[in-house]
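This note sets out points for a colleague who is reading the coordinates alongside the sequence.

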Amino acid sequence: MTTRRSFVKWVSAAGSAVGLTGLPRLGEALELPDGIWTPASPGRARAPLNILILGGTGFTGPEQVDYALARGHRVTLFNRNKTRPGMFNGKVHEELVGDLNNDTSALAGKSFDVVIDNPTTAPAWVRNVAQQLKGRVRHYVFISTTSTYGNDQSAIGLNEDSPTAVLPSDVDPYTLDPQLLGRHYGALKVLAEKEVQKHYPGSWTVIRPCLIVGPLDRTDRFTWWPARIAQGGEVLAPDRPDDPCQYIDSRDLAEWTVRVAEGHELGLFNAIGPAHPFTIAEMLYGVRAVTTQPTRFTWVPWEFLQQHQVRPWRDMTVWQPPYGRTAGYQRRSAAKAIAKGLTFRPHAVTAKDTLDWHLSRPPAEQQATLEGRINGIGMKREAEVLAAWHARTGAG
Ligand SMILES: NC(=O)c1ccc[n+]([C@@H]2O[C@H](COP(=O)([O-])OP(=O)(O)OC[C@H]3O[C@@H](n4cnc5c(N)ncnc54)[C@H](OP(=O)(O)O)[C@@H]3O)[C@@H](O)[C@H]2O)c1
């Protein structure tokens with residue numbers, strides 16, 4: 001299990017020569033200081049759980065499945081069998097096929113210790129599951145989002161008690177055109193959270209992650225940076241190096257979600273990393289540290305980026321201007337989740353694993369990333385903006 005706590009590791013190697021150097025002998029305890037992370041085996045859970053994962057084959061879901069299986073839990077999946085069909089062939093207890101929109105019949109008559117609900121945005125999806133499972137679930141864990149705090153996140157230190165987004169009164173969340181789910185994403189998630197609380201009173205957990213990053217993320221919102229920086233050369237970087245930066249690695253989120261289920265931790269939690277204030281420069285230099293091409297960053301002021309239609313988040317991914325309505329966007333609080341055992345991989349692990357995964361993608365997907373077809377400015381536009389900046393400043 002990943003841990004940031006002090007832990008004691010028993011030295012298993014023969015230790016006669018080791019002893020001479022002052023290091024522990026065989027069987028002696030080696031105490032590592034706080035903050036050391038090791039990719040150790042997850043270990044087995046004390047009591048195996050019967051877990052239903054709604055979704056499970058997209059991005060965070062597969063990490064939940066792997067971790068839950070490694071911990072010895074029984075895992076059932078429910079999805080449409082469209083995304084990565086066959087991904088867990090024979091590995092999970094059962095793969096149920098249905099659609100949260102209109103066909104949850106595969107869940108009829110079943111009971112679970114825990115449901116982890118990944119895909120839901122619309123409250124109707126929670127209701128549709130509850131029609132089959134209400135009274136048959138001990139713990140419902142709902143994956144929400146920090147977008148619940150709405151479009152204006154000017155407040156710094158947003159926490160679980162902060163106000164949330166409200167759906168316009170002329171929009172009916174139960175008859176909403178699925179095309180509009182994205183437009184009202186944060187407000188619908190708030191309503192879905194409430195639907196969870198209504199159907200599973202006293203036995204729910206709501207987890208609100210910020211930007212989730214890592215292997216399997218096809219949105220390129222973080223992947224852009226490892227993919228781009230691995231190419232080397234001059235890299236366009238947003239505004240000021242000390243601007244704040246937050247994200248959560250999908251493995252940290254998934255593993256903690258399973259531990260929340262094991263510990264029957266109830267309530268509402270932001271799930272945001274890293275554990276300490278982190279800057280956009282630390283993020284970018286950390287990615288550079290896992291690449292080999294010579295790279296240099298050119299930090300271009302936000303005013304100039306705006307003049308050249310370079311958008312935060314979308315083109316300069318991860319980054320949001322730390323003032324105005326996005327002032328608090330990268331400065332939210334995860335203190336409550338950290339107190340309940342949320343842990344974080346080192347940034348270098350996230351960067352390296354994301355890059356390795358990106359380099360394993362089909363060449364056309366890798367090319368699409370570098371062209372900025374999904375998120376990320378794209379190398380052609382990046383070069384144009386850098387040229388314009390150098391023309392303005394007279395720098396070479
Ligand atoms: N990505 C981010 O940065 C971010 C940030 C904050 C919060 N979140 C939240 O994180 C959650 C987790 O997303 P994820 O993609 O990592 O989860 P996931 O469980 O790995 O993937 C989504 C799953 O949902 C299934 N699914 C989609 N539509 C369905 C439907 N109508 N009926 C049944 N199953 C359906 C998909 O399979 P099929 O296609 O085969 O049905 C897939 O298995 C989401 O709720 C999202 O709002 C994401």
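1. For the classes used in this point, Ala, Val, Leu, Ile, Met, Phe, Trp, Tyr, Cys and Pro count as nonpolar, Asp, Glu, Lys and Arg as charged, and the others, Gly among them, as polar. On that basis the shell around the ligand holds 8 nonpolar, 12 polar and 3 charged residues. The model is a predicted one.

2. The shell around the ligand numbers 23 residues, of which Gly-55, Gly-58, Thr-60, Gly-61 and Arg-80 come nearest. Helix α2 (residues 60–70) supplies the largest share of this shell, with 3 residues.

3. Just after α2, Gly-72 adopts a positive phi of about 95°.

4. For the protein chain as a whole, the secondary structure comprises 12 helices and 13 strands. The chain has 396 residues, and 40% of them count as buried. Among contacts in the chain with a separation of 6 or more, 77% are between residues 24 or more positions apart.

5. The largest nonpolar core contains 81 residues, and Ile-51, Val-115, Val-141 and Ala-271 have the most contacts inside it. At least three residues of this core come from each of domain 1 (50–209) and domain 2 (224–246 + 277–326 + 347–393). With residues up to four places away in sequence left out, Ile-51 touches Ala-68, His-73, Arg-74, Val-75, Phe-112, Asp-113, Val-114, Ile-116 and Ala-261.

6. Thr-145 is located in the loop between β7 (137–143) and α4 (185–199). Beyond its neighbours within four places in sequence, Thr-145 is in contact with Gly-186, Lys-189, Arg-208 and Pro-209. Thr-121 lies 24 residues from Thr-145 in sequence, with a C-alpha to C-alpha distance of 9.6 Å.

7. Asp-220 and Leu-216 should be read together. Asp-220 is in the loop between β9 and α5, and Leu-216 is found in the loop between β9 and α5 as well. Asp-220 counts as buried because 21 C-beta neighbours lie inside 10 Å, whereas Leu-216, with 17 such neighbours, counts as partly exposed. Leaving out residues up to four places away in sequence, Asp-220 touches Thr-317, Thr-369, Ile-374, Asn-375 and Gly-376. Asp-220 and Arg-314 are 94 residues apart in sequence, and their C-alpha atoms are 9.5 Å apart in space. Leu-216 has a positive phi, near 80°, and is a residue other than glycine.

8. A positive phi also occurs at Arg-84, again a residue other than glycine, with a value near 45°. Arg-84 sits in the loop between β4 and β5 (94–97).

9. Ile-229 belongs to helix α5 (residues 224–229). Because 23 C-beta neighbours lie inside 10 Å, Ile-229 counts as buried. Its contacts, apart from neighbours within four places in sequence, are Val-235, Val-287, Arg-288, Thr-291 and Thr-295. Between Ile-229 and Arg-288 there are 59 residues of separation along the chain, and their C-alpha atoms are 6.2 Å apart.

10. Gly-273 and Pro-274 are joined by a cis peptide bond, with omega about -15°. Pro-274 is in the loop between β12 (267–271) and α7 (280–288). Helix α12 (residues 379–393) has 15 residues and, at 1.5 Å a residue, should span 21 Å; this agrees with the 21 Å between its end C-alpha atoms. Gly-394, which follows α12, has a positive phi near 80°.

How values were computed
Residues are numbered from 1 along each chain as its sequence is written. This is a predicted model: local features need pLDDT of at least 70, side-chain atom pairs count only at pLDDT 80 or more; totals for chains, interfaces and linings use all residues. A residue is near a molecule or strand if its C-beta atom, placed from the backbone, lies within 6 Å of it. Helices (H or I, at least four residues) and strands (E, at least two) are DSSP runs, numbered from the N terminus. Two residues are in contact if their C-beta atoms, placed from the backbone, lie within 7 Å. A nonpolar core is a set of buried Ala, Val, Leu, Ile, Met, Phe, Trp, Tyr and Cys residues joined through C-beta atoms within 7 Å. A residue is buried if 20 or more other C-beta atoms lie within 10 Å of its own, exposed if 12 or fewer, and partly exposed in between; C-beta atoms are placed from the backbone. Domain bounds come from an automatic or database domain assignment. The expected span of a helix is 1.5 Å times one less than its number of residues.
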